[in-house]
Amino acid sequence: MAKKRPQTKAKRPQLTDGEIPVVGAREPCPCGSGRRYKACHGRTAAHAVTELVHRPFEGLPGECDWVALRELVPAATVELPLRDGLPDGVPSVTLATVLPMAWPALRREDGSVLLGLQNDTSSGDISRDLADTLQRALVADPGTPVQARRAPADGPRLQDLLDPEGAFEPVVHSGFEFWVPDPENAAPDVTASLERANSAAIPTVKLSGVDSAYWCETPEKNHLRWVMPHPEEQLLDALARLHAAGRSSLGEGTRLVGSFRAHGLIVPVWDLPSGVGAEDVEKPAAEFAERLAPALATDAPLTADERRARGGLTNRQVTLS
């Protein structure tokens with residue numbers, strides 16, 4: 001019998017990582033390795049999508065306020081300037097804490113765009129998810145919402161789309177009337193939705209004398225929640241020094257009770273008596289900022305009292321993200 005000639009398989013051209021398209025998880029990887037996509041380049045893509053970015057708003061103007069609006073403030077809007085300017089037919093882009101029906105974004109009838117901030121995201125990088133939603137909203141048909149989807153792992157981030165020199169100036173609202181252009185003449189179902197949302201909103205005010213500090217009113221007591229940009233360990237040491245020295249309060253009846261950790265930043269929280277309003281803590285907050293500055297600059301080891309104060313503060317720390 002004649003010997004069979006050995007068969008050779010033609011080698012598939014190898015692609016670079018940037019040229020490999022996304023395919024089904026069980027399909028052969030387009031790179032030519034012979035493995036399934038999920039076991040080859042799909043693994044890298046999945047990791048890129050799920051890897052947590054601890055400070056997703058780092059590098060954006062107003063990083064602390066981004067964190068506050070994402071986690072603490074019920075109703076607020078901010079005008080967003082784009083790096084390359086507004087496209088034709090888009091008169092404005094506005095960031096909103098929440099949109100009706102929890103839409104990720106909405107292109108209004110007049111072409112303007114509302115981008116929702118307090119939504120679930122499909123990856124570990126909120127900035128990339130929001131940038132993908134924003135790009136789709138800019139080209140959506142007027143009068144339509146933008147639905148959620150998984151953002152491409154190599155897509156742009158907000159830091160790529162927004163003007164790095166643009167101002168970030170939140171406007172805190174008492175309700176969600178910004179959802180509709182003319183709330184007084186809205187349809188009955190829209191009015192009912194607004195009433196439900198407004199009834200659940202906690203009254204919140206942004207302080208004017210210091211950055212990224214927000215007063216809020218609750219039934220039993222009021223609070224001040226202040227997002228700070230300082231490195232965590234340095235800030236906790238500084239707060240502990242002031243707390244141990246009896247200098248961490250914002251006046252009679254107020255108390256520094258702990259902090260949140262949110263998107264890589266620390267948010268100290270003070271309890272305030274129910275009668276203390278936002279205007280009442282403007283001056284004490286400014287005075288506290290003056291006390292905090294030298295405490296942040298101190299690198300001496302903590303004393304025993306300061307270590308105990310730091311332990312008490314960290315034991316009452318809650319991670320929001």
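**Fold and details**

A: The chain has eight helices and twelve strands. Keep in mind that this is a predicted model.

Q: How much of the chain is buried?
A: Of its 321 residues, 45% count as buried.

Q: And what share of the contacts joins residues at least 24 apart?
A: Taking contacts between residues at least 6 apart in sequence, 60% join residues at least 24 apart.

Q: Sheets next. What is the strand order in the open sheet with six strands?
A: The order is β7-β8-β9-β11-β10-β12, and the pairing is mixed.

Q: What does the twist average from one strand to the next?
A: It averages 25°.

Q: Let's zoom in on β10. Is it mostly covered or mostly open?
A: Mostly covered. β10 spans residues 255–262, and six of its eight residues are buried.

Q: How does β10 pair with β11?
A: In the antiparallel sense, over seven bridges. β11 covers residues 265–272.

Q: What about β10 and β12, parallel or antiparallel?
A: Parallel, with three bridges. β12 is residues 317–319. Ser 259 has Gln 317 of β12 as its bridge partner.

Q: Back to β10 and β11. How many residues sit between them in the hairpin?
A: Two. His 263 is in that turn, with a positive phi of about 50°.

Q: Is His 263 buried or exposed?
A: Buried. The cut-off is under 20% relative accessible area, and His 263 counts as buried because its relative accessibility is 6%.

Q: Which other residue has a positive phi although it is not a glycine?
A: Ser 212, at about 60°. It is found in the loop between β7 and β8, the latter being residues 213–217. Ser 212 counts as buried, at 4% relative accessibility.

Q: Switching to helices. How do α6 and α7 pack?
A: Their angle is about 115°, and the axes are 9 Å apart. α6 is residues 232–244 and α7 is residues 282–297. The crossing is right-handed.

Q: Which residues make the contact?
A: From α6, Gln 234, Leu 235, Ala 238, Leu 239, Arg 241 and Leu 242. From α7, Phe 288, Arg 291, Leu 292, Ala 295 and Leu 296.

Q: How many nonpolar, polar and charged residues does that contact of α6 with α7 have?
A: Eight nonpolar, one polar and two charged.

Q: Now β2. Which residues lie on each side of it?
A: Val 93 and Leu 95 are on one side, with Thr 94 and Ala 96 on the other. All of these are buried, and both faces of β2 (residues 93–96) are covered.

Q: How does β2 pair with β1 and with β4?
A: With β1, β2 pairs in the antiparallel sense over three bridges. Glu 79 stands opposite Thr 94 there. With β4, residues 113–116, the pairing is parallel over four bridges. Val 93 has Val 113 of β4 as its bridge partner.

Q: Where is Thr 77, and is it buried or exposed?
A: Thr 77 lies in β1, residues 76–79. At 12% relative accessibility, Thr 77 counts as buried.

Q: Which side chain makes a polar contact with the side chain of Thr 77?
A: That of His 173, at 2.8 Å.

Q: And what does Thr 77 touch, not counting residues up to four places away in sequence?
A: Thr 94, Leu 95, Ala 96, Glu 169, Pro 170, Val 171, His 173 and Phe 178.

Key
Residues are numbered from 1 along each chain as its sequence is written. This is a predicted model: local features need pLDDT of at least 70, side-chain atom pairs count only at pLDDT 80 or more; totals for chains, interfaces and linings use all residues. Side-chain values use heavy atoms; hydrogens and water are left out. Buried means under 20% relative accessible area, exposed over 50%, partly exposed in between (1.4 Å probe, protein chains only). A polar contact is a pair of N or O atoms within 3.5 Å; within protein, one must be able to donate a hydrogen and the other to accept it, and residues adjacent in sequence count only if both atoms are side-chain atoms. Contact means heavy atoms within 4.5 Å. Two strands pair if DSSP finds at least two bridges between them. Axes are lines fitted to C-alpha atoms, for helices over the stretch in contact, and angles run from 0 to 180 degrees between N-to-C directions. A crossing is left-handed if the near helix is turned anticlockwise from the far one by less than a right angle, and right-handed if clockwise. Ala, Val, Leu, Ile, Met, Phe, Trp, Tyr, Cys and Pro count as nonpolar, Asp, Glu, Lys and Arg as charged, and the others, Gly among them, as polar.
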